[in-house]
Amino acid sequence: MKVKMLLDNFIYEIYEFDEIFNDKATHYLNSLLHVGKVLILRDKKISLEDYHRLMLSIGEPEYHVLQNFSVDGYKDIIRISNYINPEGEQEGILDGGTYWHTDMSYKPSLGIATALMSLREPIYGGYTQFIDMVDALNVLRLNSDLVIKIESICGTSLDNIRVHHAFGNRRTILNPSSPNQLLTSDQQMTLAPAIHNLVQVHPYTGQQSLFAISGTAFCFDEISQEVSLKLLNELEDFIIENSQFYQHHYSPNDIIIWDNLLTLHRGYAIKPSHDIQNSRLLYRMNVNYSNRGLLL
């Protein structure tokens with residue numbers, strides 16, 4: 001297995017990983033994921049079964065609410081695609097989250113890793129962008145004016161601030177044209193709001209990071225929505241402008257895995273396609289590693 005760091009403790013490319021399923025290799029991958037945040041596995045075509053097995057070596061399956069796009073035989077893997085067939089049916093989730101967000105931050109449990117396996121890529125578009133949220137917290141702490149403003153409004157220190165989360169994109173409240181993923185009433189019934197600390201400590205590495213400040217973050221605890229929206233949007237804008245950033249351009253057979261506790265991401269907007277040869281298809285799987293008790 002060969003590893004190349006693309007950005008400082010943020011993006012790692014991995015090559016020649018035939019031995020990936022032995023205990024030593026999977027332990028190393030887990031360690032690298034939680035330290036490095038985003039892993040890119042290059043130049044290796046593996047079966048769906050092996051992809052599933054790889055993710056189970058990281059954590060327990062977390063099922064996405066949009067089960068209508070799950071892969072046959074694998075309800076914990078969903079399809080992301082911009083292809084529309086001649087009958088007008090979607091092959092998968094169309095936009096794949098084209099706003100900044102953290103996967104499954106609307107759920108009460110933390111410690112979620114996400115993977116995308118590329119099966120088909122368009123000529124242009126379909127990228128995934130990432131923000132390093134460990135770096136984001138460090139950058140925020142250097143902006144004393146913004147820290148004082150947040151702490152003054154919330155009435156406590158950054159480390160003790162709590163945020164209410166729900167499925168969706170906060171930006172749609174002030175701007176209804178912002179991208180969003182809509183749920184049916186039945187799908188909405190399966191979800192309940194969650195509350196998480198703004199600053200998280202990683203259970204394995206001890207790294208501190210800002211958590212899920214975009215998308216699902218709708219309101220600071222005990223602060224009005226009107227005040228919260230403006231402050232959360234100001235925080236998000238500052239972090240996106242000033243933190244370590246990476247944009248992934250997919251190649252055939254890429255697998256990209258990231259730790260949601262340490263990152264923010266979004267899918268680059270891509271238009272629906274009626275040409276299957278010029279469309280994308282990604283298989284997404286989420287797992288929860290919080291109960292694994294890994295020794296790094």
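# Chat about burial, pairing and rings

User: Hi! Let's start with Leu 229: buried or exposed?
Analyst: Leu 229 counts as buried, because its relative accessibility is 5%. Bear in mind that this is a predicted model.

User: Thanks. Which helix does Leu 229 lie in?
Analyst: Leu 229 belongs to helix α6, residues 225–242.

User: What separates the C-alpha atoms of Leu 229 and Leu 142?
Analyst: Those C-alpha atoms are 22 Å apart, and the two residues are 87 apart along the chain.

User: Changing topic: how many disulfides does a search of the whole structure find?
Analyst: The search finds 0 disulfides.

User: Is Cys 154 buried or exposed, then?
Analyst: Cys 154 is buried, with a relative accessible area of 16%. Cys 219 also counts as buried, at 16% relative accessibility.

User: What about the phi of Ala 212?
Analyst: Ala 212 is not a glycine either, and its phi is positive, near 50°. You'll find Ala 212 in the loop between β12 (208–210) and β13 (217–220). Ala 212 is buried, with a relative accessible area of 2%.

User: Which strands form a hairpin with 3 residues between them?
Analyst: That hairpin is made by β1 and β2, and Asn 9 in the turn has a positive phi of about 45°. The strands β1 (residues 2–7) and β2 (residues 11–15) run antiparallel and are joined by 5 bridges.

User: Which residue in β2 stands opposite Lys 4?
Analyst: Glu 13 does. The side chain of Glu 13 also makes a polar contact of 3.0 Å with the side chain of Arg 42.

User: Ah, and where is the place of Arg 42?
Analyst: Arg 42 is in the loop between β3 (38–41) and α2 (48–56). Arg 42 is buried, with a relative accessible area of 12%. Beyond neighbours within four places in sequence, its contacts include Tyr 15, Phe 17, His 248 and Asp 254.

User: On to the open sheet of 3 strands: what is its order?
Analyst: The order is β14-β8-β16, with antiparallel pairing. The edge strands, each pairing on one side only, are β14 (245–248) and β16 (263–267). From one strand to the next, the twist averages 20°.

User: How many bridges join β8 to β16?
Analyst: There are 5 bridges between β8 (residues 128–132) and β16. Within that pairing, Gln 129 stands opposite Arg 266 in β16.

User: Which helix packs on the sheet?
Analyst: Helix α3 (residues 133–142) packs there, touching β8 and β16, and its direction makes about 45° with that of β8.

User: Last topic, rings. How many aromatic pairs does the structure hold?
Analyst: The structure holds 6 aromatic pairs. One of them joins Phe 130 and Trp 258: the ring centres are 5.0 Å apart and the planes are at 70°, so this pair is edge-to-face. Phe 130 is in strand β8 and Trp 258 in strand β15 (residues 255–259), 128 residues apart.

User: Is Phe 130 buried or exposed?
Analyst: Phe 130 counts as buried, at 0% relative accessibility. Trp 258 counts as buried too, at 1%.

User: What kind of pair do Tyr 204 and Tyr 289 form?
Analyst: Theirs is a tilted pair, with 5.7 Å centre to centre and 45° between the planes. Tyr 204 is in the loop between β11 (199–201) and β12, while Tyr 289 is in the segment after β17 (281–288), so the pair ties together parts 85 residues apart in sequence. Both tyrosines, Tyr 204 and Tyr 289, are buried.

User: And which residues do ring pairs link into a cluster?
Analyst: Tyr 124, Tyr 127 and Tyr 268 are linked that way.

Technical notes:
Residues numbered from 1 in each chain as written. Predicted model: local features only at pLDDT ≥ 70, side-chain atom pairs only at ≥ 80, totals over all residues. Heavy atoms only, no water. Helix = DSSP H or I, 4+ residues; strand = E, 2+ residues; numbered from the N terminus. Buried < 20%, exposed > 50% of the residue type's maximum accessible area, 1.4 Å probe, protein only. Disulfide = S-S within 2.5 Å. Polar contact = N/O pair within 3.5 Å; in protein donor to acceptor, adjacent residues only side chain to side chain. Contact = heavy atoms within 4.5 Å. Pairing = 2+ DSSP bridges. Axes fitted to C-alpha atoms, helices over the stretch in contact; angles between N-to-C directions. Phe/Tyr/Trp six-rings, centres within 6.5 Å; stacked < 30°, edge-to-face > 60°.
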